[in-house]
Structures are given as C-alpha cells and as structure tokens.
Amino acid sequence: MKITYASDRGRVRADNQDYVDVFVNTSGSQLAIVADGVGGEFGGDVASTMAVLHLGNEWRITDVADAAAGRAWLETMAAQENETILNAGRRYKTLKGMATTLVVAIILADQVIIANLGDSRAYLLRNRELRQITEDHNLAGELLRQGAITADQAAEHPGRHIITRSLGVGEDVMLDIYEFALQADDLLMLTTDGLPKILSDREIITEIEHAPSQKAAVENLITNVNAGGGPDNVTVLLGYQESEDQV
C-alpha cells in the first residue's frame, strides 16, 4: 500500500500532541499508526509519541503476515503499552494523567486489520463512497450507540470531548478490532478528530478526488481544516491500494 501522511498543530493549539508513523516488519507487512495525546499539559504529546514509537519498533521485529497473528499482536501490544504509559505517569509527576487515543492499521497482502481506542478514526474510500470503519469512544459516541441521541446530535454534542477509552487511563484495554479484504483502488484514511470537526464526508471525498496526487490530497485536507479555523491538531494518513499492474 502506498502511504502518505502529515500532521499540523492547527491555528489554536500551542503545540501538536498528535503523532503518526508507518513501520514495516520482516514479512513486509505495514503498520500505520495515528495517536492523539490526551492530558493537556500533563504529557499528552509524550503519551502519543510513546505509543506510536513503542508499537512501531516492536512491529519491525515481528514476522506477522496473517490476520489471526495480527489481531493477537495488537491485543498483546496494546495492553503492554497501556501499562508502560501508566507506569510513566506514576513515576513522573509532570506526566501524571497523560493518555492517548490510537487508531492502527495492519496492512497485509490482501487485507487490513483496524484497531482503535478513543476518537481517532479510520475510514475507507471505495467506489467514491466514504465509510467510517471505527466507532468513536467518547461520551457522544456511547449515547449514539445506546440510541439516546442521533448521529447529527452526536456531531454537536458536548460529550464528544469526553474520551471513554484510551491508552494510559485504566488497567483494562478494550480495543475494537475490524478486518476486511482489500480491493484495488481502495483508499484507507486514518485521522485524528481535528479533521471531521471541520470537514464533512463530502468535502473530504471531493478534496481527495480532485487532488493531483496523494501527497497533495493530504496537504489540502489539512489546509482546508486550518482555513476552517483549525481549532485542534490535525493528522491525516492516506493509504492507496495499488493494483498488481501498478506495483
């Protein structure tokens, strides 16, 4: 999969607590990770950086090449990294209370495994239709799943700022894991919540389809978020599944 990404602090925040990177293991399988630090002055940027780099460096030395092994690896490593972040917060006063959201994609030869905690999202653009794969782990998302509010209400609900699952908050980690077969020309997008706060699905599709390149699509999405006020950090990762004759 051809992957491009970028991150920006936005127009309001003083620093960028998002972190993003891509790693390849010994079998050639890719791991794409986007994390959004939680905790304000209490080390949110440290938590997101720790999560991405620790998981990524562990991934590099694996030989995972199938979905079952990928799911097991994600569950094991998420629990391990959760404990690492908790311990760092206990040890260092300045890091107390730090945590991070997480959205991860393991890209295998013909399928992808997605896992998430918090409100960082994974989307799939296929046949000009953008589908959100993950569910938001925030109060608004929980109310939506309970049927207490509608999707439109959830988009504006104050509870969307209250994260209900993340790395570094409690002893238990409850990953949501999804997997699906890849098709040629699929476009996978991982993003922090800074993007959907400003751009609608239709605006995202239009920007991706009209951009002259994948790199330009990423840059233009971030530019448009900032033009809309840039109230939060924003990170966008796009992964394009090339056909065999394009590889």
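Colleague: Is Arg128 buried or exposed?

Modeller: Arg128 is exposed, with a relative accessible area of 61%, where buried means under 20% relative accessible area, exposed over 50% and partly exposed in between, using a 1.4 Å probe and protein chains only. This is a predicted model, in which local features need pLDDT of at least 70 and side-chain atom pairs count only at pLDDT 80 or more, whereas totals for chains, interfaces and linings use all residues. Residues are numbered from 1 along each chain as its sequence is written, and side-chain values use heavy atoms, with hydrogens and water left out.

Colleague: Where does Arg128 sit, and what is its phi?

Modeller: Arg128 belongs to the loop between β7 and β8, the helices (H or I, at least four residues) and strands (E, at least two) being DSSP runs numbered from the N terminus. Its phi is positive, about 65°, although Arg128 is not a glycine. Asn127 is also not a glycine and has a positive phi of about 55°; Asn127 is in the loop between β7 and β8 (129-132) and counts as exposed at 69% relative accessibility.

Colleague: Now the inside: which residues have the most contacts in the largest nonpolar core?

Modeller: They are Leu31, Ile33, Trp73, Leu74, Leu102 and Ile106, in a core of 30 residues; a nonpolar core here is a set of buried Ala, Val, Leu, Ile, Met, Phe, Trp, Tyr and Cys residues joined through side-chain atoms within 4.5 Å. Two or more residues of this core come from each of β3, α1 (44-60), α2 (67-91), β5 (102-107) and β6 (111-117), and the largest share, seven residues, belongs to α2. Apart from it lies another core, of 20 residues, including Leu199, Ile205, Ala211 and Ala216. In soluble globular proteins, nonpolar side chains tend to be buried together.

Colleague: What does Ile106 touch?

Modeller: Not counting residues up to four places away in sequence, Ile106 is in contact (heavy atoms within 4.5 Å) with Gln30, Leu31, Trp59, Gly70, Trp73, Leu74, Gln111, Val112 and Ile113.

Colleague: How many aromatic pairs turn up in the whole structure?

Modeller: The search finds one. The rings of Trp59 and Trp73 have their centres 4.9 Å apart and their planes at 70°, so the pair is edge-to-face; the rule is that rings of Phe, Tyr and Trp (its six-membered ring) pair if their centres lie within 6.5 Å, with planes under 30 degrees apart counted as stacked, over 60 as edge-to-face and the rest as tilted. Because Trp59 lies in helix α1 and Trp73 in helix α2, the pair ties together parts that are 14 residues apart in sequence. Both Trp59 and Trp73 are buried.

Colleague: What about holes? Which residues line the largest cavity?

Modeller: The lining consists of Leu55, Trp73, Leu74, Met77, Ala78, Leu102, Val104, Ala115 and Leu175, and by class these are nine nonpolar, no polar and no charged. Here Ala, Val, Leu, Ile, Met, Phe, Trp, Tyr, Cys and Pro count as nonpolar, Asp, Glu, Lys and Arg as charged, and the others, Gly among them, as polar. The largest cavity holds about 40 Å³ of space, and α2 gives the most to its lining, with four residues. On a 1 Å grid over the protein atoms alone, a cavity is a set of points where a 1.4 Å probe fits but cannot get out, a pocket is an open set with protein on both sides within 12 Å along at least five of seven lines, and lining residues have an atom within 4 Å of a point. Grid points are joined across faces, edges and corners, and a volume is the space filled by probe spheres set on the points.

Colleague: And how is the largest pocket lined, by class?

Modeller: The lining has 10 nonpolar, 12 polar and 15 charged residues. The volume of the largest pocket is about 920 Å³, and of its 37 lining residues the closest to the centre are Asp119, Asp136, Asn138, Arg160 and Asp193. Elements giving two or more residues to this lining are β3 (30-38), β7 (121-126), α3 (139-145) and α4 (151-156), and the largest share, five residues, comes from α4.
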